[in-house]
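This report describes one protein model. Please look at the sequence and the structure before reading on.

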Amino acid sequence: MSEIQGGPASVRVLLAEDQGMVREALAALLGLEGDIDVVAQVGRGDEVVDAAVAHDVQVAVLDIEMPGMTGIEAAAALRARRPQTKVVIATTFGRPGYLRRAMESGAHAFLVKDAPAAELAEAIRRVLRGERVIDPALAAAALAEGANPLTARERDVLAAAADGAVNAEIARRLHLSEGTVRNYLSMAIQKTDARNRTEAVRIAREKGWL
């Protein structure tokens, strides 16, 4: 790492969080760390990659639920465009399914927001050293929960059904036939052990599968 005024350069960090007050509070807390510099802040998931590239970010701290693109989707996009940037997921929603999906998308750390700010700062340092950092309670829960039983296409269809869209509308959105949509929804309902699509959406969200 380069030297600045005789000492090591600060870690260049991007914060992605859609709640402005939370984002600013995190930035202020991290700013108290002498070796961390929050160089960019965004409120949308689809702004992450461009901001990371523009500001030469070393570590991106991402929330999961953001407009435009989820933090998990942003992590995957960042891995494809700028693989040298490490990703830390910091979320309110400590769901085992989210943890699995985040790791599959290329995240290097997964923390819940109720952890002390010092833990986030240390996670940033550790991922920069090439380590993985996972909340131990979540790791245990993820192992106990097992893998997400839904296929990618079943998740797409279930997510499209979440706002109450009928099969014909889902089929148009996803460029599928109505019969295929019905089949995917039926499988999703079975796999979540739900009574209907509404309950399947709720269960999948609670487990972090969606």
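## A pair of strands

In strand 4, Ala40 is the bridge partner of Leu14. This is a feature of a predicted model. The two strands involved are strand 3 (residues 11-16) and strand 4, which pair in the parallel sense over six bridges.

Strand 4 covers residues 36-42 and is mostly covered, with five of its seven residues buried.

## The sheet

Strands of a sheet pair through backbone hydrogen bonds, and the pairing is either parallel or antiparallel. In this model an open sheet of six strands has the order 4-3-5-6-7-8, and the pairing is parallel. Strand 4 and strand 8 (133-134) are the edge strands, each pairing on one side only.

## Arg101

Arg101 lies in helix 4, which spans residues 96-104. Which side chain of opposite charge is nearest to Arg101? The nearest is Glu73, at 6.0 Å. A salt bridge requires a side-chain nitrogen of Lys or Arg within 4 Å of a carboxyl oxygen of Asp or Glu. Arg101 is buried yet has no salt bridge.

The side chain of Arg101 does reach a backbone oxygen, that of Leu210, at 3.1 Å. Leaving aside residues up to four places away in sequence, Arg101 touches Ile72, Asn148, Gly208, Trp209 and Leu210.

## The protein as a whole

The protein has ten helices and eight strands. Its C-alpha atoms fill a box of roughly 65 × 35 × 30 Å along the principal axes. Of its 210 residues, 44% count as buried.

How many of the contacts between residues at least 6 apart in sequence join residues at least 24 apart? The share in this protein is 63%.

## Confidence

The mean pLDDT of the protein is 87, and 90% of its residues reach 70 or more. Confidence is highest in helix 2 (residues 48-54), at 97, and lowest in strand 1 (residues 3-4), at a mean of 38.

Over residues 1-7, pLDDT stays under 50. For these residues the model has eight contacts beyond four places in sequence.

How values were computed: Residues numbered from 1 in each chain as written. Predicted model: local features only at pLDDT ≥ 70, side-chain atom pairs only at ≥ 80, totals over all residues. Heavy atoms only, no water. Helix = DSSP H or I, 4+ residues; strand = E, 2+ residues; numbered from the N terminus. Buried < 20%, exposed > 50% of the residue type's maximum accessible area, 1.4 Å probe, protein only. Lys, Arg positive; Asp, Glu negative; His and termini not counted. Polar contact = N/O pair within 3.5 Å; in protein donor to acceptor, adjacent residues only side chain to side chain. Contact = heavy atoms within 4.5 Å. pLDDT = per-residue confidence, 0-100. Pairing = 2+ DSSP bridges.
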